[in-house]
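Here's a quick briefing for anyone opening this structure for the first time. Take a look, then read on.

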Amino acid sequence: MPWCWLIRRDLTALVDDELAPRRAAAVRTHLEHCSACAARHRDIERGVAQQRQLLPLAVGLADVAADPLLQRISRRARAESEPSRRLWWQPVAVAATAVAALVVVAFLGLLDPVLIAMGFEDPPNLVAEQPELFRDYALFEYLDALENFDDILPGRRSSDDQQEG
Amino acid sequence: MKPKQDPDVQLMLAVQRDDEEAFETLFRKYIGQVVRFAFSFVGSRARAEELAQDAFVHLLSTRRRYQPRARFSTFLFRIVTNLCLSEVRRAEHRVTVRYTPRADANDMTPDAVANMPDRGGRTGEEDLLVREQIDKMRESLRRLPPQQRAAILLARVEGFSYEEVARSLRCSVAAVKSLIHRATVTLRDQLREVR
């Protein structure tokens, strides 16, 4: 029959009682008139019955020891919830460390230039009285190098001497 | 049965409220089924127990998001099936591991035939045939593609409806119908050789 392949697709679902009522009725009507599909249906019925009997035995295991597994699961569940408990003190610890570091830096006077620049602290008296002396501090720092510039670059000096000569 | 009428759903709702006793009740009820199901995918009892642990830990860690939309067993086996299929996929990427039917002989029920309910008037020869059929079924089951294996186990061993299997496998009922039909025909053909 032309529709046999369509019917055969549904035979397992028919045996499992999983077809919609109208579809099940249509398949049963077909089986009444088609001996080949009816034979196939009986074959699948036997197969399903056999599988229902044998499959649970085929996947059978000796009894599972539940207690040790339950203990392991409890330990894992506790361990996995640890990070959420730890979270509350981690930011506090980070903030406390930062404050302590700031106090140490302030105590050592390393923050003074910043505080002076921001106007939170008065500059030293000398700077306050003659600020123009310290405006080009970087220049003063390298004054020695500038004074002996020619000694630093002997090659240049010798070439200059040659030109003069 | 509506989800809310399922006593296990009520237990799971209690687990959601951090009721440890409810969790233990659910665990003891399902651990055997879950390990057996996982075993048919990984072929090792130790790995199956690890997967079962993973499933219950996942159940605990996601309990706040639990919504009773189906029977509890459907919800649980959805987690288990996911883990098993992922495990199989990972195994396929690693070295192909061949499971021999008796590789884990110590893991099996000591005598599956003796545990059969209708053992009554069978002769020794018939027992031998049944044993042979069980071995063949085990081997054929392991040869099935993972999706077909999951579908047929859920339907035939766990007694799930096609709709519940579809929920567990996250696919359509039509797809489940096809998976179970193909698995049924394959198993039937391979068991026929034993007769």
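A polar contact is a pair of N or O atoms within 3.5 Å; within protein, one of them must be able to donate a hydrogen and the other to accept it, and residues adjacent in sequence count only if both atoms are side-chain atoms. Helices (H or I, at least four residues) and strands (E, at least two) are DSSP runs, numbered from the N terminus. With that in hand: D6(B) caps the N-terminal end of α1(B), with a side-chain oxygen 3.0 Å from the backbone nitrogen of D8(B).

This is a predicted model, where local features need pLDDT of at least 70, side-chain atom pairs count only at pLDDT 80 or more, and totals for chains, interfaces and linings use all residues. Residues are numbered from 1 along each chain as its sequence is written, chains are lettered from A and ligands numbered from 1 in the order in which they are written, and side-chain values use heavy atoms, leaving out hydrogens and water.

**The two chains**

- Chain A has 13 helices and zero strands, while chain B has eight helices and zero strands.
- Of the 165 residues in chain A, 22% are buried (under 20% relative accessible area, with exposed meaning over 50% and partly exposed in between; 1.4 Å probe, protein chains only).
- In chain B, buried residues make up 51% of 195.
- Now for contacts, meaning heavy atoms within 4.5 Å: in chain A, among those with a separation of 6 or more, 40% are between residues 24 or more positions apart.
- For chain B, 68% of the contacts between residues at least 6 apart in sequence join residues at least 24 apart.

**Helix α1 of chain B and what follows**

- Helix α1(B) covers residues 7-16, and seven of its 10 residues are buried, so it is largely enclosed by the rest of the structure.
- Among the buried ones are V9(B), M12(B) and L13(B).
- D18(B) sits in the loop between α1 and α2 (20-42) of chain B, and its phi is near 65°, a positive value in a residue other than glycine.
- At 43% relative accessibility, D18(B) counts as partly exposed.

**A positive phi in chain A**

- D17(A), in the loop between α2 (11-15) and α3 (21-33) of chain A, has a positive phi near 60°.
- D17(A) is exposed, with a relative accessible area of 64%.
- For background, most residues other than glycine have a negative phi.

**Helices α6 and α7 of chain B**

- The axes of α6(B) (residues 146-156) and α7(B) (residues 162-169) come within 9 Å and cross at roughly 140°; axes here are lines fitted to C-alpha atoms, for helices over the stretch in contact, and angles run from 0 to 180 degrees between N-to-C directions.
- That makes α6(B) oblique to α7(B), given that angles under 35 degrees count as roughly parallel, over 145 as roughly antiparallel, 65 to 115 as roughly perpendicular and the rest as oblique.
- On the α6(B) side, the contact involves Q147(B), A150(B), A151(B), L154(B) and A155(B), and on the α7(B) side V165(B), S168(B) and L169(B).
- Nine of the 11 residues of α6(B) are buried, so this helix is largely enclosed by the rest of the structure.
- I152(B) and L153(B) are among those buried residues.

**V88 of chain B**

- V88(B) belongs to helix α4 (residues 72-93) of chain B and counts as buried at 10% relative accessibility.
- Leaving aside neighbours within four places in sequence, V88(B) is in contact with F41(B) and P146(B).
- V88(B) and P145(B) are 57 residues apart in sequence and 10.0 Å apart in space, C-alpha to C-alpha.
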